[in-house]
Amino acid sequence: MSGAGIDSNAAVAELALVRRLALAALEALERERQRIDGLNVYPVPDGDTGMNLVLTVRALVEELDATRPTEQANLRRDFARALLMRARGTSGVILSQIVRGAVEAAPVSGPLGGRALAVMLERSRDAAYSAVAKPVEGTILTVIRELADEARALRRKALPLDRRLHAIVVRGEEALERTREQNPALAEAGVVDAGAVGLLVCLRAIAQVISGAPAVVPAPALRLVSSPPER
Amino acid sequence: MLVDAIQLQETPLGHLLVSSRAIAQIAERSLDECYGVVGLGRGARIRRAFALRRRHGVEVRSSEQGGIELALSIVIAYGLNLAEVAATVRSRVSYEVERVTGLEVSHVEVRIDDVRRGD
């Protein structure tokens, strides 16, 4: 293998971990796909949010499989570009922007501390908000903004990564519950935002892999999606 | 024949008309909220002769089948998949215009006027 340098072992390990996290997110989304589809009333009630998110994260896993650990900066840039090209639907495009922001801001080496995680989520939020003229609240945008706020609030606290992620996801679930009132289309249907549920399903699965717990424990976010609207 | 309003209903007491300007306004408002759209274009120049009214990035025409046709001209955030954004724009704008007016949107032409870095 050409280009193997001092950091190649670290790069291989990083890629393997990222792939494991992505796969856990994909499996969790596949389990929740139908419920997420059933929540989809905004921007168009066509019941495809869950499927679009599954297709987008599946593309992400495929891109990771096709990735060889080489020059890290190029790897990250190429990966983020490929993901943006393969994203499906509004929620998939926003999710790929969130991933792009996080990937671009991720520290090149060392453990992921509070400050680094806050910077990653803030870049995710900025990337997500950057591509729309008039952001609508009560959507996946609101939830990524609150996730970034929580990461910033906790950045100086001494917490292990899994507990930090857990606290951030809990804040996200509170924000998710509020989407029910924030967006008139959701209020009318009495549901939370489908794309935001998908984002939290992914993050919960990632947090569970990091804490070593099995990713099958039903999370509060999943209970929120357990009663799809009558159609 | 150029008309600047489209009939929604015909009742014994009179007609209900909606101006193409109002339809363009509805379309424009939903465009602003479409993910990936960072601005409106200067307007489609395609088939201008048939344009009922052009309001910034939105052109409204009456369709021969009785519904309406929209031509949208937009600026999309750099780096996004243009076809994917165009597809979600088409679906969101036609859904919103149909929901508010009750008219059938039979055709939506999307013209990407520019791509721009949002951040």
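Tutor: In chain B, consider the contacts between residues at least 6 apart in sequence: 66% of them join residues at least 24 apart. Two residues are in contact if their C-beta atoms, placed from the backbone, lie within 7 Å. The model is predicted, with local features needing pLDDT of at least 70 and side-chain atom pairs counting only at pLDDT 80 or more, whereas totals for chains, interfaces and linings use all residues. Residues are numbered from 1 along each chain as its sequence is written, while chains are lettered from A and ligands numbered from 1 in the order in which they are written.

Chain B contains 2 helices and 7 strands, in the order β-β-α-β-β-β-β-α-β along the sequence. Here helices (H or I, at least four residues) and strands (E, at least two) are DSSP runs, numbered from the N terminus. Of its 119 residues, 37% count as buried; a residue is buried if 20 or more other C-beta atoms lie within 10 Å of its own, exposed if 12 or fewer, and partly exposed in between.

Chain B also meets chain A, where 19 residues of chain A are in contact with 19 residues of chain B. On the chain A side, helices H3 (72–86), H4 (89–105) and H5 (114–130) each give two or more residues, and H4(A) gives the most, with 4 residues. That side has 12 nonpolar, 3 polar and 4 charged residues. Ala, Val, Leu, Ile, Met, Phe, Trp, Tyr, Cys and Pro count as nonpolar, Asp, Glu, Lys and Arg as charged, and the others, Gly among them, as polar.

Within chain A, Val57(A) belongs to helix H2 (residues 49–65). Val57(A) counts as buried because 28 other C-beta atoms lie within 10 Å. Beyond its neighbours within four places in sequence, Val57(A) is in contact with Ala22(A), Ala25(A), Leu26(A), Leu29(A) and Cys202(A). Leu23(A) is 34 residues from Val57(A) in sequence, and their C-alpha atoms are 8.3 Å apart.

Elsewhere in chain A, helix H6 (residues 140–153) packs against helix H7 (residues 161–182) at about 145 degrees, with axes 8 Å apart. Axes are lines fitted to C-alpha atoms, for helices over the stretch in contact, and angles run from 0 to 180 degrees between N-to-C directions. The residues that meet include Leu147(A) in H6(A) and Ile168(A) in H7(A). By class, the residues of this contact are 7 nonpolar, 4 polar and 3 charged.
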